[in-house]
Amino acid sequence: MTNDATDLPFTRAEYDDRLRRMRRAMADVDVAFAIITAPDTMAWLTGYRSRWYRQHTSTSMPPAQCIVVHVEEGHPFIIDAGYHEQLARTSTVLDDIRTLPTSSETHEASLDDYVTFLAAQLRPWAGGRVGLERWSCIPSPAVADVVDAMLEGLGCRVVDVTLPFRGIRRLKSPAELAKIELAQAACDAGIRAIAAEATPDTTELEAWAMYSLAMVRAGGEPAVLHETVAAGSSVSALHRLSGHTRLGSGPVVHPDMASAVDGYHARATRPLMFGGVSDESRRQVAIAAGAYDVVAEHGAVGASWRGLLTALRRYFASAGVSPGAEGGVGGYELGLSVAPGDWVGEFAWAMDDERDDVIEAGLVTNFESWTSLILVDTVVFEASGPRFLSSLPRDVLEFA
């Protein structure tokens, strides 16, 4: 991979190292070549990001882009529509860009065009084991069925490489951590803007707009999952979309936020209230905040997840909170995610897990700690101990 594209978020050396790691993962599962379709894997390996992957579109516009990597031979290459050639040249490290000959600004390649062209590129490796990311939302099942039939016709055996490919990017490099730290600062800036500018008459969507503007001005970009401002609702409502409900309609507002820099995500949530904050609200959020100390004490690199989770269960029980029913903690991997994905990576953990693995340096997850109120943060597990990235107070924030 040698393209001198100027829009890349990382150095060529970083991408070369990623290719070496991917090829080791392919060799470990005895895969001769891989057809990469997951947007986050394409971005991680080469820098490729687009705003249109055709994951849910007209049947006359099938998903028609992928990156092909051989375990040993040559350089990876990308297949894409003809009108995406400049996008591929300026946003990837790839020199080998193979555009569909039947596609142009005025004509879309058909599914048969795409699969026939793909087959022609793969024919030298006919009969080999091919890796596909079965857990990717792209291509659609209809397209995947046709690609599978084509590969079967070439005598290839399909191997699901979702877990190996996600696994090689679970532990973050220093350059990736720097992106996440920038994203966290932007996320915090957005939440502070809501606290400073919103009034009881502000709607959830207006508060979301306040967040978005401040977050972007602080150097962030929108996350792939819609951020939610939930007013007058419980923690369980944080998966709904922001609407026209006024923030003053209930006792608490939860801005459940994320920000990204070059696709690398960080998260933060703090409960917000108008007027005086009750002693009970302070007590509830203090319990959630106390879990941070437990992670700091028991979350060292090399320590067992079982030990940390046991300590967390013990902590909540000692605080009079029934673990799981009335409160708890958990997290999932943070890092690179690309639209249309609504998740980041593979790794996830929860307080009621029973697991025997150990905590690894370079793992980044969100950290959700809740009772009736919730705190969300980003935590980096590193050699010196767990490090929480958000600079927001671990408390109820009062609107200005």
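This is a predicted model: local features need pLDDT of at least 70, side-chain atom pairs count only at pLDDT 80 or more; totals for chains, interfaces and linings use all residues.
Biologist: Let's start with the six-stranded open sheet: which strands are at its edges?

Modeller: The strand order in that sheet is β4-β3-β2-β1-β5-β6, and the pairing is mixed. Neighbouring strands are turned by 25° against each other on average, direction ignored. An edge strand pairs on one side only, and here those strands are β4 (96-99) and β6 (157-160).

Biologist: Staying with β6, which residue there is the bridge partner of valine 130?

Modeller: Look at β5 (residues 129-132) alongside β6: the two run parallel and are joined by four bridges. The bridge partner of valine 130 in β6 is valine 158.

Biologist: What angle does helix α4 make with β3?

Modeller: A couple of helices lie across this sheet. Helix α2 (residues 39-46) lies across β1 (33-36), β2 (66-70) and β3, at about 55° to β2. Helix α4 (residues 111-122) lies across β1, β2, β3 and β4, and its angle to β3 is about 165°.

Biologist: And α4 against α5: how many nonpolar residues are in that contact?

Modeller: The axes of α4 and α5 (residues 141-153) come within 10 Å and cross at roughly 35°, and the crossing is right-handed. On the α4 side the contact includes Leu111, Tyr114 and Val115, while Val143, Val146 and Met150 are among the α5 residues they meet. Sorted by class, the contact has no charged residues, no polar ones, and the nonpolar count is eleven.

Biologist: Now the loops: is alanine 81 buried or exposed?

Modeller: Alanine 81 sits in the loop between β3 (77-80) and α3 (85-91). Leaving aside neighbours within four places in sequence, its contacts are Arg54, Ala64, Thr99 and Ser103. Its relative accessible area is 1%, so alanine 81 is buried.

Biologist: Arginine 54 shows up among those contacts. What is its relative accessibility?

Modeller: Arginine 54 is in the loop between α2 and β2. Its phi is near 55°, a positive value in a residue other than glycine. Arginine 54 counts as buried because its relative accessibility is 3%.

Biologist: Aspartate 30 has a positive phi too. Is aspartate 30 buried or exposed?

Modeller: Aspartate 30 lies in the loop between α1 (12-28) and β1, with phi at about 60° although it is not a glycine. Its relative accessible area is 52%, so aspartate 30 is exposed.

Biologist: On to the five-stranded open sheet: what is its average twist from one strand to the next?

Modeller: The order is β12-β11-β13-β14-β15, with antiparallel pairing. The edge strands, β12 (348-350) and β15 (385-388), each pair on one side only. From one strand to the next, the twist averages 25°.

Biologist: How are α9 and α10 oriented to each other, roughly parallel or roughly antiparallel?

Modeller: α9 and α10 (residues 305-318) have axes 10 Å apart and pack at about 150°. The cut-off is 145 degrees, and angles over that count as roughly antiparallel. The two helices are therefore roughly antiparallel.

Biologist: What about β7: which residue in β8 is the bridge partner of alanine 230?

Modeller: Both faces of β7 (residues 228-231) are covered, with Thr228 and Ala230 buried on one side and Val229 and Ala231 buried on the other. β7 and β8 (residues 253-261) run antiparallel, joined by four bridges. In β8, the partner of alanine 230 is histidine 254.

Biologist: Last one: which residue is joined to alanine 339 by a cis peptide bond?

Modeller: A cis bond also runs from isoleucine 138 to proline 139, with omega near 5°, and that proline lies in the loop between β5 and α5. For alanine 339, omega is about 15° and the cis partner is proline 340.

Key:
Residues are numbered from 1 along each chain as its sequence is written. Side-chain values use heavy atoms; hydrogens and water are left out. Two strands pair if DSSP finds at least two bridges between them. Axes are lines fitted to C-alpha atoms, for helices over the stretch in contact, and angles run from 0 to 180 degrees between N-to-C directions. Angles under 35 degrees count as roughly parallel, over 145 as roughly antiparallel, 65 to 115 as roughly perpendicular and the rest as oblique. Buried means under 20% relative accessible area, exposed over 50%, partly exposed in between (1.4 Å probe, protein chains only). Contact means heavy atoms within 4.5 Å. A crossing is left-handed if the near helix is turned anticlockwise from the far one by less than a right angle, and right-handed if clockwise. Ala, Val, Leu, Ile, Met, Phe, Trp, Tyr, Cys and Pro count as nonpolar, Asp, Glu, Lys and Arg as charged, and the others, Gly among them, as polar.
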